[in-house]
Amino acid sequence: MAVAQVERTAPASPTGPAPAGVRRGRARVVLPYLLIAPTLLGMAYLLLYPMVRNLVISVQKFGIGQLIRGNAEFVGLANYREIFADDKFWSVVGRTFAFTAINVGLIMVLSTLVALLIGALGKWMRLAVMGGLVLAWAIPVLAATTVFQWLFQSQLGVVNWVLVRLGFSQYDGYAWFADGTSTFAIIVVLIVWQSVPFAALTLYAAMTTVPRELYESAQIDGAGAVKIFRLITFPILRPMFGLILCLEVIWVFKCFVHIWVISQGGPGDATLTLPVYAYQIAQSLNRYDLGAAISMVTVLLLTVVLLAYFRQLFKEEGEL
């Protein structure tokens with residue numbers, strides 16, 4: 001009887017099957033990776049493969065013939081040398097950075113003001129404003145772009161009609177999209193209008209996490225609204241402001257649909273940015289290799305800008 005008891009309680013052989021508890025522990029470790037594996041595979045297919053394929057095309061001679069027949073010839077960095085030698089490319093790069101800086105600056109300022117406004121409103125007014133922001137944010141890009149085209153239409157547009165009724169007769173039949181500056185401004189207004197809701201609602205949600213005791217103490221000490229924001233709200237929410245800034249830089253820098261639908265980069269080159277320029281080169285000239293090279297440079301420039309910002313952000317956090 002004692003021998004049988006010893007046999008039942010003896011540990012399993014190292015070469016035998018693992019105990020049930022060990023197997024369950026291993027399953028618990030592996031299960032999370034199995035659950036996220038489809039998502040990772042989908043992201044790799046939808047994001048990584050197009051990036052690698054674009055990189056390969058950028059170092060090939062790839063035109064309409066290669067698109068049909070295949071057998072593209074590798075040319076190394078010849079496509080990059082060709083675009084870097086083009087003065088128009090550098091003017092487009094400068095315009096893209098200026099376009100991004102103007103849009104992102106306006107988005108950050110306006111979204112911050114709107115977030116502060118939402119926090120100062122009463123319950124029902126707050127819900128109404130937030131509902132309006134959500135509706136503006138939910139409108140598809142193509143639909144919003146079409147509405148702006150109607151608003152600024154020269155003969156039947158609402159904007160010209162309102163301006164004429166206000167006494168500005170010079171805007172009777174004014175062609176907004178025939179002038180580069182006005183077209184640029186309209187696209188900026190459109191992008192800012194569609195971007196502010198997301199940034200404002202995100203910042204407002206972050207502001208609700210700031211302890212109210214800090215605001216009450218600052219008000220007792222006589223601090224005004226500007227000083228409270230500068231000394232309390234912004235320092236506490238600096239990471240969130242940084243995140244919103246990075247997302248908006250990415251969103252504006254790669255903006256394509258708004259520009260292409262409204263002006264296709266015109267009139268002239270007034271609204272020609274890197275994504276639109278890459279599409280023009282690829283589709284109009286059938287130079288898919290040059291378009292791919294411009295796209296890769298766009299990704300590289302955006303990555304360098306964001307890495308520089310993250311480096312500065314981490315440096316500041318280390319000093320705090």
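Biologist: How much space lies in the largest pocket?

Modeller: This is a predicted model, where local features need pLDDT of at least 70, side-chain atom pairs count only at pLDDT 80 or more, and totals for chains, interfaces and linings use all residues. Residues are numbered from 1 along each chain as its sequence is written, and side-chain values use heavy atoms, with hydrogens and water left out. A pocket is an open set of points on a 1 Å grid over the protein atoms alone, where a 1.4 Å probe fits and protein lies on both sides within 12 Å along at least five of seven lines. Its volume is the space filled by probe spheres set on the points, which are joined across faces, edges and corners, and for the largest pocket this is about 450 Å³.

Biologist: Which residues lie nearest the centre of the largest pocket?

Modeller: Let's start with the lining, meaning residues with an atom within 4 Å of a point. The largest pocket has 17 such residues, and nearest its centre lie Leu116, Arg212, Tyr215, Ile228 and Thr233.

Biologist: Which helix gives the most to the lining of the largest pocket?

Modeller: Helices here are DSSP runs (H or I, at least four residues), numbered from the N terminus. Two or more lining residues come from each of helix 5 (87-120), helix 9 (180-207), helix 10 (212-220) and helix 11 (225-236). With five residues, the one that gives the most is helix 11.

Biologist: How many residues in the lining of the largest pocket are charged?

Modeller: Ala, Val, Leu, Ile, Met, Phe, Trp, Tyr, Cys and Pro count as nonpolar, Asp, Glu, Lys and Arg as charged, and the others, Gly among them, as polar. In this lining, eleven residues are nonpolar and five are polar, and the number that are charged is one.

Biologist: Which helix supplies the largest share of the lining of the second largest pocket?

Modeller: The second largest pocket holds about 360 Å³ of space, and of its 17 lining residues, Lys254, Pro275, Ala278, Ser295 and Thr298 lie nearest the centre. Helix 12 (238-253), helix 14 (274-284) and helix 15 (288-319) each supply at least two lining residues. By class, the lining has twelve nonpolar, four polar and one charged residues. The largest share, eight residues, comes from helix 15.

Biologist: Is helix 6 oblique or roughly antiparallel to helix 9?

Modeller: Using axes fitted to C-alpha atoms over the stretch in contact, and angles from 0 to 180 degrees between N-to-C directions, helix 6 (residues 123-138) packs against helix 9 at about 135°, with the axes 8 Å apart. Angles under 35 degrees count as roughly parallel, over 145 as roughly antiparallel, 65 to 115 as roughly perpendicular and the rest as oblique. So helix 6 lies across helix 9 in an arrangement that is oblique.

Biologist: Is the crossing of helix 6 and helix 9 left-handed or right-handed?

Modeller: The contact residues divide into eleven nonpolar, one polar and one charged. A crossing is left-handed if the near helix is turned anticlockwise from the far one by less than a right angle, and right-handed if clockwise. Helix 6 passes helix 9 in a crossing that is left-handed.

Biologist: Which residues of helix 6 make the contact with helix 5?

Modeller: The axes of helix 5 and helix 6 come within 8 Å and cross at roughly 150°, so the two helices are roughly antiparallel. Their crossing is left-handed. Helix 5 brings Val114, Ile118 and Gly119 to the contact, and helix 6 brings Arg126, Val129, Met130 and Leu133.

Biologist: Is the peptide bond from Gly266 to Pro267 cis or trans?

Modeller: Pro267 sits in the loop between helix 13 (257-262) and helix 14. Gln264 is found in that loop too, with phi near 55°, a positive value in a residue other than glycine. The bond from Gly266 to Pro267 has omega near -5° and is cis.

How values were computed. Contact means heavy atoms within 4.5 Å.
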